[in-house]
Amino acid sequence: MRSAPHIQLEGIMSHLAEADNADGTKTNEQIARFKSMHKIISDAGFSPTFRHIGASAGLFSIDDPFFTARRPGIALYGYSPLSAEHPKQHLTKPLQVCARVTSTIIGIRTIPANERIGY
């Protein structure tokens, strides 16, 4: 980043793997690693304004002033991102649809069983 002064670091982000899970162990581990990464970035002289890890599940399950931005996802479509057993599931009850996605199928593939895919 120092060798490219025309680029400014405005934010850092990550995505939670299991924030919808009632057991917050993995989420807490990810948050701790994210904060460690932020310290390394800060120690290198950068001060990103935006720090976000939340996604929809994080909107309801993480209450930490360290994070300065949120990224709603599935909640925009009115769906709860939290498991039924999650202690904060009740916070998602007032969700309403505010976005809709439409698309055209452009291809269909056969994927072998147990093969990983992305979106």
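Begin at N114, which lies in the segment after α2. Helices (H or I, at least four residues) and strands (E, at least two) are DSSP runs numbered from the N terminus. The phi angle of N114 is near 70°, a positive value in a residue other than glycine. With a relative accessibility of 83%, N114 counts as exposed. In this classification, buried means under 20% relative accessible area, exposed over 50%, and partly exposed in between, with a 1.4 Å probe and protein chains only.

The model is predicted, so that local features need pLDDT of at least 70 and side-chain atom pairs count only at pLDDT 80 or more, while totals for chains, interfaces and linings use all residues. Residues are numbered from 1 along each chain as its sequence is written, and side-chain values use heavy atoms, with hydrogens and water left out.

**The whole chain**

The protein contains 2 helices and 2 strands, and along the sequence they follow the pattern β-α-β-α. Along its principal axes, the C-alpha trace spans about 45 × 40 × 30 Å. The radius of gyration is 18 Å, whereas a compact globule of 119 residues would have a value near 14 Å. This radius is taken over C-alpha atoms, and the globule rule is 2.2 Å times the number of residues to the power 0.38.

The accessible surface comes to about 9000 Å², of which carbon and sulfur atoms hold 55%; the areas come from the Shrake-Rupley method with a 1.4 Å probe, and for residues only the protein chains shown count as cover. Of the 119 residues, 27% are buried. Among contacts with a separation of 6 or more, 46% are between residues 24 or more positions apart, where contact means heavy atoms within 4.5 Å.

**The nonpolar core**

Select L16, I31, F34, I53, I62 and F67: of the 14 residues in the largest nonpolar core, these touch the most other members. Helices α1 (25-43) and α2 (55-61) each supply at least two residues of this core, and α1 gives the most, with 3 residues. Such a core is a set of buried Ala, Val, Leu, Ile, Met, Phe, Trp, Tyr and Cys residues joined through side-chain atoms within 4.5 Å. In soluble globular proteins, nonpolar side chains tend to be buried together.

Centre the view on I62. Not counting residues up to four places away in sequence, I62 touches L16, T27, I31, I53, F67 and R70.

F34 and F66 form an edge-to-face pair, 6.3 Å centre to centre with 85° between the planes. F34 lies in helix α1 and F66 in the segment after α2, so this pair ties together parts that are 32 residues apart in sequence. F66 also pairs edge-to-face with F67, at 5.1 Å centre to centre and 90° between the planes. Rings of Phe, Tyr and Trp (its six-membered ring) pair if their centres lie within 6.5 Å; planes under 30 degrees apart count as stacked, over 60 as edge-to-face and the rest as tilted.

F34 is buried at 3% relative accessible area, F67 is buried at 6%, and F66 is buried at 18%.

**The salt bridges**

Show the side chains of D64 and K35, which meet in a salt bridge of 2.6 Å, N to O. This pair links distant parts of the chain, with D64 in the segment after α2 and K35 in helix α1, 29 residues apart. D64 counts as buried at 18% relative accessibility, while K35 is partly exposed at 32%.

K39 and D43 both lie in helix α1, 4 residues apart, about one turn of the helix, and both are exposed. The count of salt bridges comes to 2, each defined by a side-chain nitrogen of Lys or Arg within 4 Å of a carboxyl oxygen of Asp or Glu.

**Two final stops**

Select G24, found in the loop between β1 (11-13) and α1. G24 is partly exposed, at 26% relative accessible area. Its C-alpha atom is separated by 9.2 Å from that of H86, 62 residues apart along the chain.

Finish at Q89, in the segment after α2. Q89 counts as buried at 14% relative accessibility. Leaving aside neighbours within four places in sequence, Q89 is in contact with S80, L82, S83 and A84.
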